[in-house]
Amino acid sequence: MTNEIELFEVREPAIQTIPFVYNSPHSGRHYPTTFLGESRLDEISIRRSEDHYVDELFSAAPGFGAPMLVAHFPRAYVDVNREPYELDPRMFSDPLPPFANSNSARVAGGLGTIPRIVAENMEIYERRMPLSVAMERIESCYKPYHVCLRRLIARTHAMFGFGVLIDCHSMPGNIRVAGSGLKPDFIVGDRYGTSASAELSQAALQFFEDLGFTAVRNKPYAGGFITEHYGRPARGLHALQIEVNRSIYIDETTLEKRSDFDALAGSLAVFMEQMADFVADYAGDRALAAE
(Lines give C-alpha, C1' and ligand atoms only; values in the text may rest on other atoms or scores of the structure.)
Protein backbone atom coordinates (compact mmCIF):
# COMPACT_ATOMS: atom_id res chain seq x y z
CA MET A 1 0.00 0.00 0.00
CA THR A 2 2.57 2.51 -1.12
CA ASN A 3 1.51 5.18 -3.60
CA GLU A 4 -2.25 4.68 -3.80
CA ILE A 5 -3.18 6.99 -0.91
CA GLU A 6 -1.74 8.61 2.15
CA LEU A 7 -1.93 6.03 4.92
CA PHE A 8 -3.41 8.46 7.44
CA GLU A 9 -3.78 12.16 8.08
CA VAL A 10 -3.92 14.56 10.99
CA ARG A 11 -6.71 17.10 10.67
CA GLU A 12 -5.20 19.96 12.61
CA PRO A 13 -6.98 23.01 14.00
CA ALA A 14 -5.48 26.39 13.17
CA ILE A 15 -4.38 26.45 16.82
CA GLN A 16 -4.91 23.67 19.34
CA THR A 17 -6.94 25.31 22.09
CA ILE A 18 -8.31 22.33 24.04
CA PRO A 19 -6.51 19.33 25.63
CA PHE A 20 -8.21 16.77 23.39
CA VAL A 21 -7.01 14.40 20.67
CA TYR A 22 -9.63 12.66 18.54
CA ASN A 23 -8.74 9.40 16.81
CA SER A 24 -10.58 7.41 14.13
CA PRO A 25 -8.52 4.24 13.56
CA HIS A 26 -11.14 2.04 11.88
CA SER A 27 -12.93 4.33 9.42
CA GLY A 28 -10.38 3.84 6.61
CA ARG A 29 -12.10 2.93 3.36
CA HIS A 30 -9.32 2.85 0.78
CA TYR A 31 -8.78 -0.83 -0.08
CA PRO A 32 -5.61 -1.64 -2.05
CA THR A 33 -6.34 -3.52 -5.26
CA THR A 34 -3.76 -6.17 -4.41
CA PHE A 35 -5.50 -6.76 -1.08
CA LEU A 36 -8.90 -7.05 -2.74
CA GLY A 37 -7.37 -9.53 -5.18
CA GLU A 38 -6.14 -11.71 -2.31
CA SER A 39 -9.54 -11.69 -0.61
CA ARG A 40 -12.38 -14.11 -1.15
CA LEU A 41 -14.91 -11.39 -0.25
CA ASP A 42 -16.71 -8.93 -2.51
CA GLU A 43 -16.26 -5.18 -2.16
CA ILE A 44 -19.25 -4.74 0.19
CA SER A 45 -18.63 -7.79 2.38
CA ILE A 46 -15.02 -6.87 3.08
CA ARG A 47 -16.22 -3.56 4.53
CA ARG A 48 -18.34 -5.20 7.26
CA SER A 49 -15.80 -4.53 10.01
CA GLU A 50 -15.24 -0.91 8.98
CA ASP A 51 -16.30 1.89 11.32
CA HIS A 52 -18.29 3.48 8.52
CA TYR A 53 -17.85 7.25 8.18
CA VAL A 54 -16.93 7.72 11.84
CA ASP A 55 -14.32 10.27 10.77
CA GLU A 56 -17.15 12.30 9.23
CA LEU A 57 -19.38 11.96 12.27
CA PHE A 58 -16.67 13.46 14.49
CA SER A 59 -15.37 15.88 11.83
CA ALA A 60 -16.16 18.95 13.96
CA ALA A 61 -13.22 18.23 16.28
CA PRO A 62 -10.67 20.52 14.61
CA GLY A 63 -13.22 23.35 14.63
CA PHE A 64 -13.27 23.10 18.42
CA GLY A 65 -9.48 23.28 18.59
CA ALA A 66 -8.54 19.57 18.73
CA PRO A 67 -6.44 17.55 16.27
CA MET A 68 -8.00 14.44 14.75
CA LEU A 69 -6.00 11.47 13.49
CA VAL A 70 -7.75 9.52 10.73
CA ALA A 71 -6.65 6.22 9.19
CA HIS A 72 -7.21 5.79 5.45
CA PHE A 73 -6.16 2.12 5.35
CA PRO A 74 -8.97 -0.25 6.36
CA ARG A 75 -9.18 -2.24 9.55
CA ALA A 76 -9.45 -5.46 7.52
CA TYR A 77 -5.96 -4.73 6.13
CA VAL A 78 -4.24 -4.00 9.45
CA ASP A 79 -5.82 -3.18 12.80
CA VAL A 80 -4.02 -0.49 14.81
CA ASN A 81 -6.32 -1.10 17.80
CA ARG A 82 -4.34 -4.24 18.65
CA GLU A 83 -0.92 -4.99 20.02
CA PRO A 84 1.65 -4.73 17.21
CA TYR A 85 2.07 -8.50 16.85
CA GLU A 86 -1.24 -10.17 17.75
CA LEU A 87 -0.92 -12.73 14.96
CA ASP A 88 -2.85 -15.88 14.11
CA PRO A 89 -0.55 -18.79 13.13
CA ARG A 90 -3.38 -20.30 11.05
CA MET A 91 -3.03 -17.41 8.59
CA PHE A 92 0.62 -17.76 7.62
CA SER A 93 2.78 -20.12 5.64
CA ASP A 94 5.76 -19.41 7.92
CA PRO A 95 6.18 -19.90 11.67
CA LEU A 96 5.54 -16.84 13.83
CA PRO A 97 8.43 -15.09 15.57
CA PRO A 98 8.76 -15.76 19.32
CA PHE A 99 7.63 -12.22 20.22
CA ALA A 100 4.24 -12.65 18.53
CA ASN A 101 1.18 -12.93 20.76
CA SER A 102 -0.86 -15.75 19.22
CA ASN A 103 -2.86 -16.57 22.35
CA SER A 104 -4.98 -13.48 22.85
CA ALA A 105 -8.76 -13.64 22.81
CA ARG A 106 -8.75 -11.27 19.85
CA VAL A 107 -6.54 -13.62 17.82
CA ALA A 108 -8.77 -16.55 18.78
CA GLY A 109 -11.74 -14.60 17.46
CA GLY A 110 -10.01 -13.92 14.15
CA LEU A 111 -9.50 -10.23 14.88
CA GLY A 112 -5.77 -9.85 15.46
CA THR A 113 -3.42 -7.20 14.10
CA ILE A 114 -3.85 -8.77 10.66
CA PRO A 115 -7.50 -9.84 10.82
CA ARG A 116 -8.52 -13.26 9.58
CA ILE A 117 -12.23 -12.38 9.37
CA VAL A 118 -14.56 -9.44 9.04
CA ALA A 119 -17.80 -9.19 10.96
CA GLU A 120 -20.16 -12.16 11.02
CA ASN A 121 -17.22 -14.57 10.86
CA MET A 122 -16.54 -14.06 7.16
CA GLU A 123 -13.06 -15.30 6.20
CA ILE A 124 -11.03 -12.69 4.33
CA TYR A 125 -8.41 -14.82 2.58
CA GLU A 126 -8.47 -17.76 0.19
CA ARG A 127 -5.13 -19.13 1.37
CA ARG A 128 -2.29 -18.62 3.84
CA MET A 129 0.01 -15.68 3.29
CA PRO A 130 3.77 -15.24 3.79
CA LEU A 131 4.63 -13.80 7.19
CA SER A 132 6.55 -11.05 5.37
CA VAL A 133 3.23 -9.62 4.15
CA ALA A 134 2.05 -9.10 7.73
CA MET A 135 5.37 -7.63 8.81
CA GLU A 136 5.33 -5.16 5.94
CA ARG A 137 1.87 -3.92 6.90
CA ILE A 138 2.93 -3.55 10.53
CA GLU A 139 6.06 -1.61 9.56
CA SER A 140 4.43 0.60 6.93
CA CYS A 141 0.99 1.26 8.53
CA TYR A 142 0.77 0.22 12.16
CA LYS A 143 4.02 1.63 13.53
CA PRO A 144 3.87 5.04 11.81
CA TYR A 145 0.26 5.44 12.92
CA HIS A 146 1.16 4.92 16.56
CA VAL A 147 4.21 7.17 16.28
CA CYS A 148 1.87 9.91 15.08
CA LEU A 149 -0.74 9.24 17.78
CA ARG A 150 1.90 9.26 20.52
CA ARG A 151 3.24 12.55 19.20
CA LEU A 152 -0.21 14.18 19.28
CA ILE A 153 -0.86 12.95 22.82
CA ALA A 154 2.58 14.01 24.06
CA ARG A 155 2.21 17.45 22.46
CA THR A 156 -1.20 17.91 24.07
CA HIS A 157 0.08 16.81 27.47
CA ALA A 158 3.02 19.21 27.20
CA MET A 159 0.78 22.12 26.20
CA PHE A 160 -1.93 21.71 28.81
CA GLY A 161 -0.43 19.54 31.56
CA PHE A 162 -2.97 16.79 30.82
CA GLY A 163 -4.81 15.34 27.86
CA VAL A 164 -7.96 13.49 26.80
CA LEU A 165 -7.95 10.98 23.93
CA ILE A 166 -11.34 10.23 22.39
CA ASP A 167 -11.09 7.02 20.37
CA CYS A 168 -13.99 6.96 17.90
CA HIS A 169 -15.62 3.73 16.73
CA SER A 170 -18.90 2.20 15.57
CA MET A 171 -20.67 -1.04 16.46
CA PRO A 172 -23.21 -3.30 14.72
CA GLY A 173 -26.83 -2.36 15.17
CA ASN A 174 -27.75 -5.69 16.76
CA ILE A 175 -25.56 -5.18 19.85
CA ARG A 176 -27.46 -5.61 23.10
CA VAL A 177 -26.42 -5.15 26.71
CA ALA A 178 -26.29 -8.61 28.30
CA GLY A 179 -29.07 -9.31 30.75
CA SER A 180 -31.18 -6.30 29.78
CA GLY A 181 -31.84 -6.52 26.05
CA LEU A 182 -31.07 -2.79 25.83
CA LYS A 183 -29.81 -1.62 22.43
CA PRO A 184 -27.58 1.38 23.20
CA ASP A 185 -26.97 4.22 20.77
CA PHE A 186 -23.56 4.85 22.34
CA ILE A 187 -21.13 2.95 24.54
CA VAL A 188 -18.53 4.85 26.53
CA GLY A 189 -15.53 2.64 27.29
CA ASP A 190 -12.91 3.43 29.93
CA ARG A 191 -11.44 -0.03 30.52
CA TYR A 192 -13.57 -0.38 33.66
CA GLY A 193 -12.29 2.85 35.15
CA THR A 194 -8.58 2.33 34.42
CA SER A 195 -8.14 4.52 31.30
CA ALA A 196 -10.02 7.66 32.39
CA SER A 197 -11.47 9.29 35.47
CA ALA A 198 -14.98 8.24 36.49
CA GLU A 199 -16.06 11.88 36.33
CA LEU A 200 -15.08 12.11 32.66
CA SER A 201 -16.91 8.90 31.77
CA GLN A 202 -20.02 9.94 33.66
CA ALA A 203 -20.01 13.34 31.98
CA ALA A 204 -19.86 11.70 28.55
CA LEU A 205 -22.78 9.42 29.40
CA GLN A 206 -24.83 12.34 30.73
CA PHE A 207 -24.21 14.47 27.64
CA PHE A 208 -25.36 11.67 25.33
CA GLU A 209 -28.49 11.12 27.41
CA ASP A 210 -29.23 14.87 27.49
CA LEU A 211 -29.10 14.78 23.68
CA GLY A 212 -31.79 12.09 23.68
CA PHE A 213 -29.63 9.01 23.16
CA THR A 214 -29.29 5.78 25.10
CA ALA A 215 -25.75 5.40 26.44
CA VAL A 216 -24.06 2.78 28.61
CA ARG A 217 -20.59 2.33 30.05
CA ASN A 218 -18.20 -0.52 29.16
CA LYS A 219 -20.83 -3.10 28.14
CA PRO A 220 -20.14 -4.89 25.91
CA TYR A 221 -17.21 -2.75 24.72
CA ALA A 222 -14.83 -1.41 27.36
CA GLY A 223 -12.13 -0.19 24.98
CA GLY A 224 -9.38 -1.83 22.98
CA PHE A 225 -5.61 -1.61 22.83
CA ILE A 226 -5.55 2.14 22.13
CA THR A 227 -7.71 3.05 25.11
CA GLU A 228 -5.84 0.67 27.40
CA HIS A 229 -2.37 1.65 26.14
CA TYR A 230 -2.70 5.44 26.15
CA GLY A 231 -5.02 6.03 29.10
CA ARG A 232 -2.91 6.87 32.18
CA PRO A 233 -5.14 8.88 34.52
CA ALA A 234 -2.47 9.06 37.25
CA ARG A 235 -0.30 10.94 34.74
CA GLY A 236 -3.12 13.18 33.59
CA LEU A 237 -3.74 11.22 30.38
CA HIS A 238 -7.33 10.05 29.95
CA ALA A 239 -8.66 7.84 27.14
CA LEU A 240 -12.30 7.14 26.32
CA GLN A 241 -13.60 4.87 23.59
CA ILE A 242 -16.87 6.00 22.01
CA GLU A 243 -18.90 3.40 20.09
CA VAL A 244 -21.73 4.65 17.86
CA ASN A 245 -24.52 2.27 16.88
CA ARG A 246 -24.32 1.98 13.09
CA SER A 247 -28.05 1.43 12.68
CA ILE A 248 -28.75 5.03 13.68
CA TYR A 249 -26.76 6.52 10.80
CA ILE A 250 -26.31 4.00 7.94
CA ASP A 251 -28.22 1.24 6.19
CA GLU A 252 -26.18 -1.75 7.35
CA THR A 253 -27.00 -3.73 4.20
CA THR A 254 -26.01 -1.18 1.57
CA LEU A 255 -23.66 0.85 3.86
CA GLU A 256 -25.31 4.02 2.58
CA LYS A 257 -25.81 6.97 4.91
CA ARG A 258 -29.25 7.48 6.37
CA SER A 259 -31.08 10.76 5.85
CA ASP A 260 -30.41 11.79 9.45
CA PHE A 261 -26.63 11.32 9.16
CA ASP A 262 -25.97 15.06 9.26
CA ALA A 263 -28.25 15.48 12.26
CA LEU A 264 -26.25 12.87 14.17
CA ALA A 265 -22.99 14.60 13.21
CA GLY A 266 -24.54 17.82 14.55
CA SER A 267 -25.41 16.11 17.84
CA LEU A 268 -21.85 14.84 18.12
CA ALA A 269 -20.57 18.37 17.57
CA VAL A 270 -22.69 19.46 20.54
CA PHE A 271 -21.28 16.53 22.53
CA MET A 272 -17.71 17.53 21.69
CA GLU A 273 -18.33 21.13 22.71
CA GLN A 274 -19.90 19.99 25.99
CA MET A 275 -16.94 17.71 26.71
CA ALA A 276 -14.50 20.55 26.05
CA ASP A 277 -16.43 22.88 28.36
CA PHE A 278 -16.64 20.22 31.05
CA VAL A 279 -12.91 19.57 30.97
CA ALA A 280 -12.15 23.30 31.02
CA ASP A 281 -14.28 23.70 34.16
CA TYR A 282 -13.22 20.44 35.76
CA ALA A 283 -9.53 20.94 35.13
CA GLY A 284 -9.70 24.28 36.85
CA ASP A 285 -9.42 22.22 40.02
CA ARG A 286 -6.55 20.26 38.41
CA ALA A 287 -8.69 17.18 38.95
CA LEU A 288 -7.80 15.79 35.52
CA ALA A 289 -4.12 16.65 35.75
CA ALA A 290 -1.43 14.36 37.07
CA GLU A 291 -1.39 13.79 40.78
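User: Why is glutamate 120 called exposed?
Analyst: In this predicted model, glutamate 120 has a relative accessibility of 64%. Exposed means over 50% relative accessible area, buried means under 20%, and partly exposed lies in between (1.4 Å probe, protein chains only). The value of 64% is over the exposed cut-off, so glutamate 120 counts as exposed.

User: Where does glutamate 120 lie, and what is its phi?
Analyst: Glutamate 120 is placed in the loop between strand E4 (117–118) and strand E5 (122–123). Helices (H or I, at least four residues) and strands (E, at least two) are DSSP runs, numbered from the N terminus. The phi of glutamate 120 is positive, at about 65 degrees, although the residue is not a glycine. Most residues other than glycine have a negative phi.

User: What makes arginine 191 partly exposed?
Analyst: The relative accessible area of arginine 191 is 23%. Arginine 191 sits in the loop between E7 and H5, and its phi is near 55 degrees, a positive value in a residue other than glycine.

User: Why is the chain described as being as compact as a globular protein of its length?
Analyst: The chain comprises seven helices and nine strands. Its radius of gyration is 19 Å, close to the 19 Å that the globule rule gives for 291 residues, so the chain is as compact as a globular protein of that length. The radius is taken over C-alpha atoms, and the rule is 2.2 Å times the number of residues to the power 0.38. Along the principal axes, the C-alpha atoms fill a box of roughly 55 × 40 × 40 Å. Of the 291 residues, 56% count as buried.

User: What makes the pair of tyrosine 31 and phenylalanine 35 stacked?
Analyst: The structure holds 14 aromatic pairs. Rings of Phe, Tyr and Trp (its six-membered ring) pair if their centres lie within 6.5 Å; planes under 30 degrees apart count as stacked, over 60 as edge-to-face and the rest as tilted. For tyrosine 31 and phenylalanine 35, the ring centres are 6.4 Å apart and the planes are at 10 degrees, so the pair is stacked. Tyrosine 31 counts as buried at 14% relative accessibility, and phenylalanine 35 counts as buried at 1%. Tyr31 and Phe35 form one aromatic cluster with Tyr77 and Tyr125.

User: Why is the pair of phenylalanine 186 and phenylalanine 208 also called stacked?
Analyst: The ring centres of phenylalanine 186 and phenylalanine 208 lie 4.0 Å apart with planes at 10 degrees, so this pair is stacked. The pair links distant parts of the chain, since phenylalanine 186 belongs to strand E7 (residues 186–189) and phenylalanine 208 to helix H5 (residues 198–210), 22 residues apart. Phenylalanine 186 is buried, with a relative accessible area of 0%, and phenylalanine 208 is buried, with 1%.

User: How do you know that histidine 169 is buried, and which residues does it touch?
Analyst: Histidine 169, in strand E6 (residues 163–171), has a relative accessibility of 2%. This value is under the buried cut-off, so histidine 169 counts as buried. Contact means heavy atoms within 4.5 Å. Not counting residues up to four places away in sequence, histidine 169 touches, among others, Pro25, His26, Asp51 and Glu243.

User: What makes serine 267 buried?
Analyst: The relative accessibility of serine 267 is 19%. Since this is under the buried cut-off, serine 267 counts as buried. Serine 267 lies in helix H7 (residues 261–282) and, leaving aside its neighbours within four places in sequence, is in contact with Leu211 and Phe213.

User: Which peptide bond is cis, and how do you know?
Analyst: The peptide bond from lysine 219 to proline 220 has omega near 0 degrees and is cis. Most peptide bonds are trans. Proline 220 lies in the loop between strand E8 (215–217) and helix H6 (225–230).

Conventions. Residues are numbered from 1 along each chain as its sequence is written. This is a predicted model: local features need pLDDT of at least 70, side-chain atom pairs count only at pLDDT 80 or more; totals for chains, interfaces and linings use all residues. Side-chain values use heavy atoms; hydrogens and water are left out.
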